[in-house]
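Here is a short report on one predicted model. Please keep the sequence and the coordinates at hand while reading.

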Amino acid sequence: MNSPAHTFNVRCGPDYERSRKKLPSGPALYEVYGIDAYSSEQKLAHVGRVIQLPEPDPAVEALGLPSLLVINFMIPDYPPSGLLKKKVSDGPGWNLVIHCRLADATLADISAGRTPPSVELFRRFVDPVNGSALRKNCLKCIFGAVDPNEPGFNMVTRKLVTSYNFKPFLSKTASSFYRAKSYFEIDIDIHTWGQTALSGFNSIKSRMSRMNIRGGIVIEADGDEQMPEQMLFANYLSHMDPTMVDPFPAELTAWLSDARNHIPPLTCAG
């Protein structure tokens, strides 16, 4: 279910570096039209290759924007490695796949000559060459529990959730990007998060089935000419229970895991 983008505060100018001013986001550039979840015994990247997607809109593609956007969260379902143990970054888990299409309002603004800075920024972000530095440094996630008290957290976990609730974080080393003819895919690999972040996530994982979460992604702006920021998508994730999801089909898992079918992600600067 789409969440109102104005419930997220994002950077705005002028002179953000001095003012640090944030305001509610304008409408999300993309709208969510479907969410899938699959369990698997290993990480599954670039799932857009094997998912049936709608036909892309040529009018949108002509603008240098993907008409379809796939967000693939790869989520571990095993405890994080101990401090004295070798880091484990693959294993059983599940994929949360969010399907988006360019919002009608976004297309209407562009068609009317009212292209917002956030659209120009995302157009550069998806460019295979010119978007390299943006992809490395500027993908920002915002997630939070609508009511931190609702799931019945203990005092320590509630304090942790409250401290980081809706606090934006950049996803740099954990993200990969794929540009195909009919879609743009963003993979966020939670398996590779650091020990502290994984431990925090693991402490709330068993309570997610009782949580109402609001989340989204925004491309971080740098300078007045790129502001105000605008949510790329925003949606509710309610009562997620990884124990209830179906396994990813074995034949598709085998195909995705076959090195002969590998497509390298878009390059990032550095």
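## Strands and sheet

Strand β4 (residues 68-76) runs antiparallel to strand β5 (residues 93-102), and the two pair over 9 bridges. Within this pairing, Asn 72 faces Val 97 in β5.

Both strands belong to an open sheet of 6 strands. The order is β8-β9-β4-β5-β3-β12, and the pairing is mixed. At the edges stand β8 (175-179) and β12, each of which pairs on one side only.

## Nonpolar cores

The largest nonpolar core holds 50 residues. Tyr 30, Leu 69, Phe 122, Phe 125, Ile 186 and Leu 232 have the most contacts inside it.

What does Leu 69 touch, leaving out residues up to four places away in sequence? The list is Tyr 30, Ile 98, His 99, Cys 100, Phe 122, Phe 184, Ile 186 and Leu 232. A second, separate core has 11 residues, among them Leu 44, Ile 51, Tyr 183 and Leu 256.

## Aromatic pairs

A pair of aromatic rings is described by the distance of the centres and the angle of the planes. Searching the whole structure gives 11 aromatic pairs. One of them joins Phe 8 and Phe 166 edge-to-face, at 6.2 Å centre to centre and with 75 degrees between the planes. Phe 8 sits in the segment before β1 (9-11), and Phe 166 in the loop between α6 (155-164) and β7 (169-170), so this pair ties together parts 158 residues apart in sequence.

Phe 166 has 23% relative accessibility, so it counts as partly exposed; the cut-off for buried is under 20%. Phe 8 also has a charged neighbour: Arg 214 lies over the face of its ring, at 5.5 Å from the ring centre.

## A second pair and a cluster

Phe 122 and Phe 184 also pair edge-to-face. Their centres are 6.3 Å apart, with 85 degrees between the planes. This pair links distant parts of the chain, 62 residues apart: Phe 122 is in helix α4 (residues 117-126) and Phe 184 in strand β9 (residues 184-189). Both residues are buried.

Phe 122 and Phe 184 are members of one aromatic cluster, together with Tyr 30, Phe 125 and Phe 177. Of these, Tyr 30, Phe 122 and Phe 125 are also listed among the residues with the most contacts inside the largest core.

## Backbone exceptions

Most residues other than glycine have a negative phi, and most peptide bonds are trans. Which peptide bonds to proline are cis? The bond from Gly 13 to Pro 14 is cis, with omega near -5 degrees. Pro 14 is in the loop between β1 and α1 (16-19). The bond from Met 227 to Pro 228 is cis as well, with omega near 5 degrees. Pro 228 is in the loop between β10 (212-219) and β11 (233-238).

Two histidines have a positive phi. For His 46 the value is about 50 degrees. His 46 lies in the loop between β3 (30-40) and α2 (58-61), and at 4% relative accessibility it counts as buried. For His 239, phi is about 55 degrees. His 239 lies in the loop between β11 and β12 (246-247). With a relative accessible area of 44%, His 239 is partly exposed.

How values were computed: Residues are numbered from 1 along each chain as its sequence is written. This is a predicted model: local features need pLDDT of at least 70, side-chain atom pairs count only at pLDDT 80 or more; totals for chains, interfaces and linings use all residues. Side-chain values use heavy atoms; hydrogens and water are left out. A nonpolar core is a set of buried Ala, Val, Leu, Ile, Met, Phe, Trp, Tyr and Cys residues joined through side-chain atoms within 4.5 Å. Buried means under 20% relative accessible area, exposed over 50%, partly exposed in between (1.4 Å probe, protein chains only). Contact means heavy atoms within 4.5 Å. Rings of Phe, Tyr and Trp (its six-membered ring) pair if their centres lie within 6.5 Å; planes under 30 degrees apart count as stacked, over 60 as edge-to-face and the rest as tilted. Helices (H or I, at least four residues) and strands (E, at least two) are DSSP runs, numbered from the N terminus. A charge sits over a ring if NZ of Lys or CZ of Arg is within 6 Å of the ring centre and within 35 degrees of the ring normal. Two strands pair if DSSP finds at least two bridges between them.
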